[in-house]
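Student: Could we go through this one together, beginning with a single residue and then widening out to the fold?
Tutor: Gladly; have the sequence and the model open beside you.

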Amino acid sequence: MGLFDRFKRRKGDDDVPSTGGPSGKAISELKEFLATHEGVEGFIEPPTAVYAMTLLLVAWDGEYLRRPVKHAKQASKICEDAGVPLYEARKVGYPKRMKDYERGIKRESVSLEDLPPLEVTDDRDD
């Protein structure tokens, strides 16, 4: 086994993401999100070495959905049909409401404010 053999793609590797076009399920999920959420904006994300080009849809409350698309024209068509603006994520960044929504979901740990007050007893003899 060579040094880089573990990185080569083998037949039957299910854990390696596909770089092909999006599935029909991905497109239908995007369209369903557009139909069921208000104030949606689209953000096209460029392809990387690992992931295909993706379309990120962000609703007014910050809820979002990211699915692969074949190319920017397909993303533009999906957003145009729904009357949704489309931006390039690498140029404009991501909306703050999405980051806030993400923080709210991940914030399920206990904070100091959630703990009861500490009762201190002083057992020292003065």
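This is a predicted model: local features need pLDDT of at least 70, side-chain atom pairs count only at pLDDT 80 or more; totals for chains, interfaces and linings use all residues.

Student: Is E45 buried or exposed?
Tutor: E45 counts as buried, because its relative accessibility is 7%, and the cut-off for that label is under 20%.

Student: OK, and which side chains make polar contacts with the side chain of E45?
Tutor: The side chain of T54 does, at 2.4 Å, and the side chain of R66 makes a polar contact with that of E45 at 2.8 Å.

Student: What else is E45 in contact with, leaving aside its neighbours within four places in sequence?
Tutor: With that exclusion, the list includes M53, L56, A89 and Y94, alongside T54 and R66.

Student: Switching to the sheet, what is the strand order?
Tutor: The order is β3-β2-β1-β4, in an open sheet of four strands with mixed pairing. β3 (64-68) and β4 (86-88) stand at the edges, and each has a single partner strand, so one side of each is left without a neighbour in the sheet. From one strand to the next, the twist averages 25°.

Student: How do β1 and β4 run, and how many bridges join them?
Tutor: They run parallel and are joined by three bridges; within this part of the sheet, F43 stands opposite Y87 in β4.

Student: And which strands do the helices touch?
Tutor: α1 packs on the sheet by touching β2 and β3, and its direction makes about 155° with that of β3. α2 also packs on the sheet, touching β1, β2 and β4, with its direction at about 25° to that of β2.

Student: What about the largest nonpolar core?
Tutor: It has 16 residues, and those with the most contacts inside it are L30, V40, L55, L57, V69 and I78. The elements giving two or more residues to this core are α1 (24-36), β2 (54-58) and α2 (72-82), with the largest share, four residues, coming from α1. There is also a second, separate core of five residues, which includes F43, V58, A89 and M98.

Student: What does L30 touch?
Tutor: Not counting residues up to four places away in sequence, L30 touches L55, L57, L65, R67, V69 and I78.

Student: Last one: what pattern does the whole protein follow along the sequence?
Tutor: The pattern is α-β-β-β-α-β-α-α, from four helices and four strands, and of the 126 residues of the protein, 24% count as buried.

Technical notes: Residues are numbered from 1 along each chain as its sequence is written. Side-chain values use heavy atoms; hydrogens and water are left out. Buried means under 20% relative accessible area, exposed over 50%, partly exposed in between (1.4 Å probe, protein chains only). A polar contact is a pair of N or O atoms within 3.5 Å; within protein, one must be able to donate a hydrogen and the other to accept it, and residues adjacent in sequence count only if both atoms are side-chain atoms. Contact means heavy atoms within 4.5 Å. A nonpolar core is a set of buried Ala, Val, Leu, Ile, Met, Phe, Trp, Tyr and Cys residues joined through side-chain atoms within 4.5 Å. Two strands pair if DSSP finds at least two bridges between them. Axes are lines fitted to C-alpha atoms, for helices over the stretch in contact, and angles run from 0 to 180 degrees between N-to-C directions.
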